[in-house]
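I opened the structure and kept notes as I went. The entries follow in the order I looked things up.

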Amino acid sequence: MNRIADVRVYVNDVLESSVYNNGRIYFPSRGISNRRIFLDCYGFAELSITLILVDGQECTLNSEYLPILVRREELNNSVEAMARFVYNNQEWLLLNGELKPKKPSGLKENGYRSLATQILLAEEIAAIYESSYGYFKANSRFKLEKMSVIERLERIQYVTQGTLSYTATHPEYLRQVNSTQGIFIGNRVYQPQKTETVQNTRSYDIYENRVILAFLRNMIDSVQSLQGYCCNLLSKIPNDEDYSSEYIYSSFFMFSETRKMIEDGKTQLEKLSEKFTYLWGMYSDILRIPLDQHIVPPRPTAIFLSVPQYNRIFVRIHQWFSFGIYNFSKEHFMLSFIKISALYESYLLAKFLCYFRDRGYSLESSRRCVYPVSKRWKYKNTSVRNTFVLKNGQKRITLYYQPVIFDTDQRSVNGIGLYRNNSISVYAGNEDDCRQGGHYYVPDFLIKIEENGDSQYMIVDAKFSDYSSVRRYYVKDLVFKYLFSISPIEENELVCGLCIMYGKCKSKERLQTAYDKQILGTEIYPFIEIFPLIEGIDSAGQYEKMDRLLKKLL
């Protein structure tokens, strides 16, 4: 068996500085003890170890997601508030910043979708069926059908072939009468007491009624399907924060808001299921027609278009099918945040967009750019929109989320006029740096401001860490990667600075520069700002800090 020459250790895909010696792995720090590699973890941690064998082969081992335990502290409430903020602002990430509709009539095809809006639409459909029941009981449209019935002779209005056949085959009903009309047998006259005739009867088995009843059955099935999906999701979300008297599960606070939303939806769906089942029984009793097993959007018949009670249901059926069955994309999006770093990045993205909107910028466009990267590279394109263009007068701001900055001119890909200017690897960088010398960098955010033909850039990196850890472990590597190793392509473009945003902070912490040895009255460029930002601090205070940061560009 090949011996191990070296190892690389990753915690949540971040390479940790380590030393392999005599079968042991050490994580050296500036102090006398080993560095705590799980210090900045929250929620879950995945440990990956790449074994480098003496013959050059490599083997990577991955752990399961390990729950992170924390003590009870204020930070947990901030994480919960942060998750709530992301949940409530997902339209920025999943759509075009489209606002939530307040009623079903505000729903647009291919527009905003959520469990709440689907429930809202279902409740209106139930209310329409409930309020229309009296009309359908007394005035449901019908058709006349001829039906063979057995009646007493005096009630028969006309004789048909069936009347004669029935009389001939049922002599038990013949009675002798004193009349000149009837069936003569010898000198006697007979008439049937009962015989067959045809009457016009009402039949409610028309296309429109079949649609109305079938759609009720469809609503029961759809609501119960959504209810089952809620139960399935809830089974995957932590429902108890306590691990011991001293420690709690940090993941509980990441998913508690999503759990509450799903639980509320499940409760509403249970009530809707009961109501639609009750309505189904009521309408089945009055219509008494066969059930169509498959329901599709109905065609616009004269009855559906001209009769108000039919038309209201017709409109809602089309709206329901246009909406489709909700796929729980918002909830899946929230549950995808196994790692706190991903949640924090999404929080900052939504916060930036809300800030720019508050400051008078309108969203001009947003899209998901797919960067042309090699399959061998570790980078994976984002699953959400990653390019947002905002405008306010003559100023245009482009906010990039996880953009790829290549070592060649790739402006045509997404309008980024920057390039990586060297292949020197940063030891604390990613695996692509170590193995291939480095062909690209992926900052968490890139802000590009265009005005009067000039472009200025600020690179933003997100760390769910505290101030001392940011200064001690991250600043020097980020400065090398994003200030020393990235250059503009054109003379009218400039990288103005780097901002490191960190989430383990308190409301009193302030924006401060990394240049702690600065001559009074001077400005150092490119700037390096360390920015505390977490939910739970009032928006006005957050936006004031962001104003001071952006003032360096604007």
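Entry: I began with D240. The model is predicted, and here D240 comes out partly exposed, at a relative accessible area of 40%.

Where does D240 lie? I found D240 in the loop between α5 (207–234) and β15 (247–249). I then looked up what D240 touches. Leaving out residues up to four places away in sequence, I got Y249 and F252. I also took a distance to L363, which is 123 residues from D240 along the chain. Their C-alpha atoms are 40 Å apart.

**Entry: confidence.** I checked pLDDT next. The protein averages 85, and 90% of the residues score at least 70. I marked residues 96–110, where pLDDT stays under 50. For that stretch the model has 33 contacts beyond four places in sequence.

**Entry: cysteines.** How many disulfides does the whole structure hold? My search returned zero. I followed up on C496. Its closest cysteine sulfur is in C499, 13 Å away, so the two are too far apart for a bond. The cut-off for a disulfide is 2.5 Å. C496 is buried, with a relative accessible area of 3%. I looked up C369 as well: at 2% relative accessibility, C369 counts as buried.

**Entry: cavity.** I searched the whole structure for cavities of 30 Å³ or more and found one. The largest cavity has a volume of about 60 Å³. Which elements give two or more residues to its lining? I listed β19 (405–406) and α11 (411–414). The lining of the largest cavity includes Y371, F406, Q410 and L418. By class, I counted seven nonpolar and three polar residues there, with no charged residues.

**Entry: second largest pocket.** I turned to the second largest pocket, which has about 600 Å³ of space. It is lined by 23 residues, and the closest to its centre are L39, V70, E73, L75 and K504. β9 (69–71) and α1 (74–88) each supply at least two residues of this lining. How do the lining residues of the second largest pocket divide by class? I logged 13 nonpolar, three polar and seven charged residues.

Definitions and conventions:
Residues are numbered from 1 along each chain as its sequence is written. This is a predicted model: local features need pLDDT of at least 70, side-chain atom pairs count only at pLDDT 80 or more; totals for chains, interfaces and linings use all residues. Side-chain values use heavy atoms; hydrogens and water are left out. Buried means under 20% relative accessible area, exposed over 50%, partly exposed in between (1.4 Å probe, protein chains only). On a 1 Å grid over the protein atoms alone, a cavity is a set of points where a 1.4 Å probe fits but cannot get out, and a pocket is an open set with protein on both sides within 12 Å along at least five of seven lines; lining residues have an atom within 4 Å of a point. Grid points are joined across faces, edges and corners, and a volume is the space filled by probe spheres set on the points. Helices (H or I, at least four residues) and strands (E, at least two) are DSSP runs, numbered from the N terminus. Ala, Val, Leu, Ile, Met, Phe, Trp, Tyr, Cys and Pro count as nonpolar, Asp, Glu, Lys and Arg as charged, and the others, Gly among them, as polar. pLDDT is the predictor's confidence in each residue, from 0 to 100. Contact means heavy atoms within 4.5 Å.
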